[in-house]
Amino acid sequence: MKNAPLFEALVHHTKNNNWSFHVPGHKNGKIFEKSGAAFFNSVLPLDLTELNGLDDLHHPEGVIKEAQEQLASFYGVRKSYFLIGGSTAGNLAMILASFKQDDVVFVQRNCHKSVLNGLELAGVTPVFLSPEVDEEGGFALGVPVETIKEALREFPASKGIILTNPTYYGMQQDISDIASIIHDKGGIVLVDEAHGAHFGLKGMPNLAIQQGADVVVQSAHKTLPALTMGAFLHVNSNRIDAYRLSHALQMVQSSSPSYLVMASLDLSRLYMESLSDEDVTNIINQSQTFKGFIHSLPHLHVVKNLKGYVSDPLKITIQSDREISGYELQSLLEKEGIYSELADDRNVLLVLPLGMMDSITDLKKVFHKLSDQLSIYRNKELFENNVPVFPAVTMLELTYTQMKKMHPQKMLIEAAAGYIAAEAVIPYPPGIPLIAKGEKITSESIRLYFSLKDKGAKFQGTTENGEMYVFDISKEQEH
């Protein structure tokens, strides 16, 4: 019988836990700020700690072990782990467990900032592989196989590759050929599949783990009914050292993991397991119908799926044919109570639920109203090219070891061309660095920064007045 062992153990414990002399300090919800009690009271009794019968995430022997085993069985992998620090924790852990100091590692350039942080913590030598670009959407896609082969010719001693698949916009590349090429050279294949936790269901794209990936990280909270920071890590080969992975997870995750988050992960797996093929078909049909409706409206259209990629049915990327940025389009939607996942200079990204939507009629009325509002804007001529273009294969100007020994200085970004970035400059969301730490800052990257900022992009890695930290190689050489 399908069940959620961790969640059920928590519920059972609440029936016997009359007096709490343990952490957390809200004591099963009996002590809490009155203004928030009405919102929190229903879940506080489940916000528990490592008590008898509730197991320990960092040494699972009971219900957490059973819940993770059911998770692995559902995804068809050798071993699965609950993550309570999001895919960020998973990316850090799998990189630390897979590679050693100074290893050469191929990295898809349009990776999340957590991948770059993992590379720095591991002290590896990243070789960045430039992705294809969707011309209509203006966003990065996957890495061409030819680029992988070119990188291997130049760096035959590479220890593996880190891919981001699907992209934030839901475009999935078949990585089977890439995995075979890397494995033939003795390398390991890691995949940040943050946006693909629902993949593998009938009619949905295949899982990366089914296409040859050795380790995969998924943000369950992005598309499954899990609490924020809830994620999964799956292992499906013997190429990764189980001891190193377990040790890395303990280093990057809290020693006081949230039982609420873990219980929601347990229930998310049960939710997916309980979906019938008919349920999933109805969800996919709902998405297709909604996409068709938006695409039929004046001044709005849905970005098409590029040949060679599989599109996530839960993602809808919309644009306008009017002179309006994605940030402005997002703002118009928010005024009507519709909050999207992200906007960029061209697009607004919607993430649909893994379930049937309510109030579709009211939702369509809002989009009809939006379409009417767009009529006052003038026609768009051409999109400005705001996609960073890199050579197919690149390296950082400085190694992470070198950067640790250097002294960063702060300067205005408009004056930083020719300097080396001492911190990443990241439009957020989606969290993909425009400038990575250790890269040389170019006049083009500065132009892109100001172009995106003028259109409404929010950035991490710069101050309010546009300063950033840089390394001045000439001064370091003088020292």
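Analyst: A salt bridge is a side-chain nitrogen of Lys or Arg within 4 Å of a carboxyl oxygen of Asp or Glu. The model discussed here is predicted, so local features need pLDDT of at least 70 and side-chain atom pairs pLDDT 80 or more, whereas totals for chains, interfaces and linings use all residues. Residues are numbered from 1 along each chain as its sequence is written, and side-chain values use heavy atoms, without hydrogens or water.

User: How many salt bridges does a search of the whole structure find?

Analyst: Side chains of opposite charge can pair when their charged atoms come close. One group, Asp266, Arg269 and Glu273, is linked in a network of salt bridges. For the whole structure, the number of salt bridges found is 12.

User: How far apart in sequence are the parts tied together by Asp214 and Arg239?

Analyst: The side chains of Asp214 and Arg239 meet in a salt bridge, with N and O 2.8 Å apart. Helices (H or I, at least four residues) and strands (E, at least two) are DSSP runs, numbered from the N terminus. Asp214 lies in the loop between β8 (188–192) and β9 (215–218), while Arg239 lies in the loop between β10 (231–235) and α9 (242–252). The pair therefore ties together parts whose separation in sequence is 25 residues.

User: Which residue forms a salt bridge with Lys304?

Analyst: Lys304 lies in the loop between β11 (300–302) and β12 (309–311), and its partner, 168 residues away, lies in the loop between β4 (133–134) and β5. The closest N and O atoms are 3.5 Å apart, and the partner is Glu136.

User: What is the omega of the cis peptide bond that joins Asn165 and Pro166?

Analyst: Pro166 lies in the loop between β6 (160–164) and β7 (171–173). Another cis peptide bond joins Val23 and Pro24, with omega about 0°; Pro24 lies in the loop between α1 (5–14) and α2. For the bond between Asn165 and Pro166, omega is about 10°.

User: What is the phi of Lys27?

Analyst: Lys27 lies in the loop between α1 and α2 and is partly exposed, because its relative accessible area is 25%. Asp102, in the loop between α4 (86–98) and β2 (104–108), has a positive phi near 75° although it is not a glycine. Lys27 is likewise not a glycine, and its positive phi is about 50°.

User: How far apart in space are Val366 and Glu336, C-alpha to C-alpha?

Analyst: Val366 is found in helix α13 (residues 360–374). Val366 is buried because its relative accessible area is 17%. Val366 and Glu336 are 30 residues apart in sequence, and their C-alpha to C-alpha distance is 6.8 Å.

Key. Buried < 20%, exposed > 50% of the residue type's maximum accessible area, 1.4 Å probe, protein only.
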